[in-house]
Structures are given as C-alpha cells and as structure tokens.
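Look over the sequence and the model before reading on.

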Amino acid sequence: MKSVIITLIIGAAMIGGSILYSSYLDRESRELSHITSDIKTCVLNDDFNKAQEKISELNKSVEHFEKIFLATGDHIEMDNIKIHLSELKSYAEYRKKSDALGKIYVLDFLFEHLPRNSQIRIGNIL
C-alpha cells in the first residue's frame, strides 16, 4: 500500500511539473515571438537602429531562457535559434532588409515550434 501511495505522489509531481514547464515554455515562447514581431516592424519601417536595440533585447531574453531550456530541451533547437539570431544581427547591422526579414520569419517559426515540440502528443512519442 505504501508503494502505491509513493507511486501516485511521484506521478502527480511529474504531471504537475510537466504542466508548469509547458506553461513556462509557452509564456517564454510568446514573449520571444513578441520581441521578434517588434523587430519585424522596425525592419519593415527601415528603422534599423531600433531593430538593433530590439535584437539585443531578444538576445538577452534568449540567453535567460536558454539556461532553463537546456536543462530539459533540445540543444539543437537552441543552437538553431542562436545561429539565426546571429545572422539577423549581422543583416540588421548592414541594413539588408530582405535577408533580415527572412531570418525574422525563421526565428518566429522556431519560437512557435518550441512549445509544440514539447507537448505530449503521439507524433512526439513515435
């Protein structure tokens, strides 16, 4: 009987932790997408100085997020985000609008993909 109770407690803790982590991941992903949207607006308006400020803000947010994400998430996804963010920074610095917009769309996809990839679904299990 004791082992059943311990098993139920461990199961509840795992489910609760998964729900909290998924909620955190979703919230952080939306925040990163929001900053990316601000960058897109700046680039579309040819305000590259403001875009560079927002890119620095995004970079700091990604670094903060990375500390928790790497403990449980896919390292390759975080590497992809950082690579595309570095390229976006370079494109904004040299005012290459179309290239910067391409990287913004990639980053937006990656941020949207983060919580979906961590949800428990048949596609993620198989």
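Buried means under 20% relative accessible area, exposed means over 50%, and partly exposed lies in between, with a 1.4 Å probe and protein chains only. His-34 has 46% relative accessibility, so this residue counts as partly exposed.

This is a predicted model: local features need pLDDT of at least 70, side-chain atom pairs count only at pLDDT 80 or more, and totals for chains, interfaces and linings use all residues. Residues are numbered from 1 along each chain as its sequence is written, and side-chain values use heavy atoms, with hydrogens and water left out.

**Overall fold**

The chain has five helices and zero strands. In sequence order the pattern reads α-α-α-α-α. Helices (H or I, at least four residues) and strands (E, at least two) are DSSP runs, numbered from the N terminus.

The C-alpha trace spans about 65 × 25 × 20 Å along its principal axes. The chain has a radius of gyration of 18 Å, whereas a compact globule of 126 residues would have one near 14 Å. That radius is taken over C-alpha atoms, and the globule rule is 2.2 Å times the number of residues to the power 0.38.

The accessible surface comes to about 8,200 Å², and carbon and sulfur atoms hold 58% of that area. Accessible areas come from the Shrake-Rupley method with a 1.4 Å probe; for residues, only the protein chains shown count as cover. Of the 126 residues, 29% count as buried.

Contact means heavy atoms within 4.5 Å. Among contacts with a separation of 6 or more, 65% join residues 24 or more positions apart. His-34 lies in helix H1, residues 2–44.

**Nonpolar core**

A nonpolar core is a set of buried Ala, Val, Leu, Ile, Met, Phe, Trp, Tyr and Cys residues joined through side-chain atoms within 4.5 Å. The largest one has 26 residues. Ile-39, Val-43, Leu-58, Val-62, Phe-65, Leu-88 and Phe-111 have the most contacts inside this core. Two or more residues come from each of H1, H2 (48–72), H3 (75–93) and H4 (97–118).

What does Ile-39 touch, leaving aside its neighbours within four places in sequence? Ile-39 is in contact with Ala-51, Lys-54, Ile-55, Leu-58, Leu-88 and Ile-104.

**Salt bridges**

A salt bridge is a side-chain nitrogen of Lys or Arg within 4 Å of a carboxyl oxygen of Asp or Glu. The count comes to six. The table gives some of them.

| Pair | Closest N and O atoms |
|---|---|
| Arg-30 and Asp-26 | 2.9 Å |
| Lys-54 and Glu-57 | 3.4 Å |
| Glu-66 and Lys-82 | 3.1 Å |

Glu-66 in helix H2 and Lys-82 in helix H3 are 16 residues apart, and the pair links distant parts of the chain. Glu-66 is buried because its relative accessible area is 14%. Lys-82 has 35%, so this residue is partly exposed.

Arg-30 and Asp-26 are about one helical turn apart, because four residues separate them in helix H1. Arg-30 counts as exposed at 52% relative accessibility, while Asp-26 counts as partly exposed at 31%.

Lys-54 and Glu-57 both lie in helix H2, three residues apart, about one turn of the helix. Lys-54 counts as buried at 16% relative accessibility, and Glu-57 as partly exposed at 33%. Salt bridges link Asp-38, Lys-54 and Glu-57 in a network.
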